[in-house]
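Here is a short report on the pockets of one protein model. Look over the sequence and structure, then read on.

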Amino acid sequence: MKYNVICKQIELADNSKEKLLAKIRRIDRFFSDSDDCKIVVSQQRNQIILEITILYKGFFIRAEARNEDLQVAADICLENIDRQIRKNKTKLEKSVKGGGFENYMPIVDSPDEVDEESEFKIIKRKRFVSKPMSAEEAVLQMNMLGHDFFVFANPQTMETNIVYRRKDGNYGLIEAD
């Protein structure tokens with residue numbers, strides 16, 4: 001697997017990077033040499049934020065952890081990635097037909113039990129008319145409803161857009177093409 005370590009607002013010593021990569025390389029057995037792994041290390045206040053994103057045959061596997069210790073954050077991310085692989089193992093195998101997870105063995109010591117055969121269940125469907133409004137109006141509407149996202153029509157293009165609340169408290173805008 002190809003690794004790309006990006007440090008934002010923090011400087012990692014070479015030995016820290018090597019320890020981090022050695023820990024993350026435990027998942028190499030599930031992926032091919034052509035797959036990409038992006039590791040972003042940043043610092044916010046006194047916590048280290050570690051994000052691991054793997055691109056595997058068109059699928060993204062992503063985990064994020066916050067901790068004072070980089071190695072603990074790496075362990076948390078690896079547990080999350082392991083759980084995602086276990087949960088979606090059969091779906092990924094059927095979709096990519098690569099069999100990369102056939103001989104799967106967990107990389108964490110005591111993984112939670114996950115039903116591999118469970119399917120996603122849609123428990124509620126909702127229809128609505130998206131009214132043309134600006135992104136600022138959509139954010140206001142979203143906040144008034146107490147939702148984390150809001151779908152609306154862009155008045156200039158009449159395309160469907162989505163505003164959402166980010167983890168850092170700011171807002172994001174998704175514009176469909």
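## Second largest pocket

The lining of the second largest pocket divides into eight nonpolar, two polar and two charged residues. Here Ala, Val, Leu, Ile, Met, Phe, Trp, Tyr, Cys and Pro count as nonpolar, Asp, Glu, Lys and Arg as charged, and the others, Gly among them, as polar. Among the lining residues are Phe128, Met133, Leu145, His147 and Phe152. Strand S5 (residues 149–153) gives the largest share, four residues. The volume is about 300 Å³.

A pocket is an open set of points on a 1 Å grid over the protein atoms alone, where a 1.4 Å probe fits, with protein on both sides within 12 Å along at least five of seven lines; lining residues have an atom within 4 Å of a point. Points are joined across faces, edges and corners, and a volume is the space filled by probe spheres set on them.

## Model basis

This is a predicted model: local features need pLDDT of at least 70, side-chain atom pairs count only at pLDDT 80 or more, and totals for chains, interfaces and linings use all residues. Residues are numbered from 1 along each chain as its sequence is written, and side-chain values use heavy atoms, with hydrogens and water left out.

## Largest pocket

The largest pocket has a volume of about 340 Å³. Its lining has two nonpolar, four polar and eight charged residues. Glu51, Glu64, Arg66, Arg166 and Asp168 lie nearest its centre. S2 supplies the largest share of the lining, four residues. Strands are DSSP runs (E, at least two residues), numbered from the N terminus.
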